[in-house]
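Work through the exercises below with the sequence and the model at hand. Try each task before reading its solution.

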Amino acid sequence: IITDEYTGIRINNSAIREVDGNKGVYVLRGNIIQFKKINILSSNEDYSIIERIDDSSYVRQYDTIITQGVDLYDGKVVSWKS
């Protein structure tokens, strides 16, 4: 028996943040961090299924999502040290 079925993007709950009342995730575009909004369709303790929205302010499939980190903010430049 199938009770619910969702189509969307699966994201680890550890990546979800709340900024200015909007739920979203931080993604890496080149070496710049951007906050992208999400619309959660369903979630459990490990992950959430989010709606695919064709808007550049929302997360899209193939975005590189940052799952851990501190001091993250929109527009932060990330530099890599080897």
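**Exercise 1: The setting of K36**

K36 is part of strand β4, which covers residues 32–37. The model is a predicted one.

Task: decide whether K36 is buried or exposed, and find which residues K36 is in contact with beyond its neighbours within four places in sequence.

Solution.
- Step 1. The relative accessible area of K36 is 5%. Buried means under 20%, so K36 is buried.
- Step 2. Leaving aside neighbours within four places in sequence, the contacts of K36 include G24, V25, V27 and R29. S56, S57, Y58, V59 and D63 are also in contact with K36.
- Step 3. A polar atom of the K36 side chain lies 3.2 Å from the backbone oxygen of S56.

**Exercise 2: Salt bridges**

Task: find how many salt bridges there are, and state for K36 and D63 how many residues apart they are.

Solution.
- Step 1. The count is three salt bridges.
- Step 2. One of them joins the side chains of K36 and D63, at 3.8 Å from N to O. This pair links distant parts of the chain, since K36 is in strand β4 and D63 is in the loop between β6 and β7 (64–65), 27 residues apart.
- Step 3. Another salt bridge is formed by R60 and D54, with the closest N and O atoms 3.9 Å apart. R60 is partly exposed at 37% relative accessible area, while D54 counts as exposed at 75%.
- Step 4. D71 and K76 also meet through their side chains in a salt bridge, at 3.6 Å from N to O. D71 has 55% relative accessibility and exposed means over 50%, so D71 counts as exposed.

**Exercise 3: The open sheet**

Task: give the order of the three strands in the open sheet, and say which strands stand at the edges.

Solution.
- Step 1. The order is β1-β6-β5, with antiparallel pairing.
- Step 2. β1 and β5 (40–43) each have a single partner strand, so they stand at the edges, and one side of each has no neighbour in the sheet.
- Step 3. From one strand to the next, the twist averages 30 degrees.
- Step 4. β5 pairs with β6 (residues 47–50) over three bridges. S43 has S48 in β6 as its bridge partner.

**Exercise 4: The nonpolar cores**

Task: find which residues make up the largest nonpolar core.

Solution.
- Step 1. The largest core has nine residues: I9, I11, A15, I16, V25, V27, I38, I50 and V59.
- Step 2. β1 (9–12) and β3 (22–29) each supply at least two residues of this core.
- Step 3. Another core, of seven residues, lies apart from it, and among its members are Y26, F35, I66 and V78.

Definitions and conventions
Residues numbered from 1 in each chain as written. Predicted model: local features only at pLDDT ≥ 70, side-chain atom pairs only at ≥ 80, totals over all residues. Heavy atoms only, no water. Helix = DSSP H or I, 4+ residues; strand = E, 2+ residues; numbered from the N terminus. Buried < 20%, exposed > 50% of the residue type's maximum accessible area, 1.4 Å probe, protein only. Polar contact = N/O pair within 3.5 Å; in protein donor to acceptor, adjacent residues only side chain to side chain. Contact = heavy atoms within 4.5 Å. Core = buried A, V, L, I, M, F, W, Y, C linked by side-chain atoms within 4.5 Å. Pairing = 2+ DSSP bridges. Axes fitted to C-alpha atoms, helices over the stretch in contact; angles between N-to-C directions. Salt bridge = Lys/Arg side-chain N within 4 Å of Asp/Glu carboxyl O.
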